[in-house]
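Please work through the exercises below with the sequence and the model at hand. Each task is followed by a solution in steps.

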Amino acid sequence: MTKRGYIVLALCVCALLSQQLSCTPASAAEATVTVPLSRLIELRTLTDRQELRLMQLQERLDAQSSTLSKQQSSISQLRQELTTAESSLSSSKQIIDEQNASLMSLSATLKQEQLRAQKIKRQRLLWQIVAGSVVVYAALK
């Protein structure tokens, strides 16, 4: 029997004793307590059932504590993974921003090169026209 069982049993016996003592006359020199054996057996059965119930509850509590510890560990791991993912996302965003800036710069440079190429093409066409006109003018003269 555990400590709890003894304590419960002792409390029950004390309760019975106090009930019996309050019923005896105050003038009695010696107080004797008689408790029927069936009542003691009933109390013993009751304390055994309560002790069993306490052990079951303790086992349940231990199981729930274990589950809670595992869940807390999982939560900590998930928080760590979330922090890592957030850091990775932030880094990826920074890289994308840098690539967008580079792409915009390259687009602007490409546009300038296209305008320059068109300008050169127009100049060549203009000089071809001038040269052709000079040749035609020279041939006609």
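This is a predicted model: local features need pLDDT of at least 70, side-chain atom pairs count only at pLDDT 80 or more; totals for chains, interfaces and linings use all residues.

**Exercise 1. Overall form**

Determine which secondary structure elements the protein has, and how its radius of gyration stands against that of a compact globule.

Solution. 
- Step 1. The protein contains two helices and zero strands. Helix α1 covers residues 3-23, and helix α2 covers residues 37-140.
- Step 2. For 141 residues, a compact globule would have a radius of gyration near 14 Å, whereas the protein has 50 Å.
- Step 3. The C-alpha trace spans about 165 × 25 × 15 Å along the principal axes.
- Step 4. Burial is counted for residues under 20% relative accessible area. Of the 141 residues, 4% count as buried.
- Step 5. The accessible surface comes to about 12400 Å², and 61% of this area belongs to carbon and sulfur atoms.

**Exercise 2. Salt bridges**

Solution. 
- Step 1. The cut-off is 4 Å between a side-chain nitrogen of Lys or Arg and a carboxyl oxygen of Asp or Glu.
- Step 2. Arginine 39 pairs with glutamate 42, and their closest N and O atoms are 3.3 Å apart. The two residues are separated by about one helical turn because they lie three residues apart in helix α2. Glutamate 42 has 47% relative accessibility and is partly exposed; arginine 39, at 33%, is partly exposed.
- Step 3. Arginine 44 pairs with aspartate 48, with 3.6 Å between the closest N and O atoms. Both belong to helix α2 and are four residues apart, about one turn of the helix. Arginine 44 is partly exposed at 34%, and aspartate 48 is partly exposed at 35%.
- Step 4. Glutamate 113 and arginine 116 meet in a salt bridge of 3.4 Å, N to O. Their spacing of three residues in helix α2 corresponds to about one helical turn. Glutamate 113 has a relative accessible area of 41%, so this residue counts as partly exposed.

**Exercise 3. A nonpolar patch**

Identify which residues form the nonpolar patch on the surface, and state which helix supplies the largest share.

Solution. 
- Step 1. The patch consists of Val13, Leu17, Leu37, Leu40 and Ile41, which together have about 400 Å² of accessible area.
- Step 2. Helices α1 and α2 each supply at least two of its residues. The largest share, three residues, comes from α2.
- Step 3. A patch residue needs over 30% relative accessible area; valine 13 has 32% and is partly exposed.

Notes
Residues are numbered from 1 along each chain as its sequence is written. Side-chain values use heavy atoms; hydrogens and water are left out. Buried means under 20% relative accessible area, exposed over 50%, partly exposed in between (1.4 Å probe, protein chains only). Patches are made of residues with over 30% relative accessible area and no salt bridge: like charges are joined within 9 Å, nonpolar side chains (Val, Leu, Ile, Met, Phe, Trp, Tyr) within 5 Å. Accessible areas come from the Shrake-Rupley method with a 1.4 Å probe; for residues, only the protein chains shown count as cover. The radius of gyration is taken over C-alpha atoms; the globule rule is 2.2 Å times the number of residues to the power 0.38.
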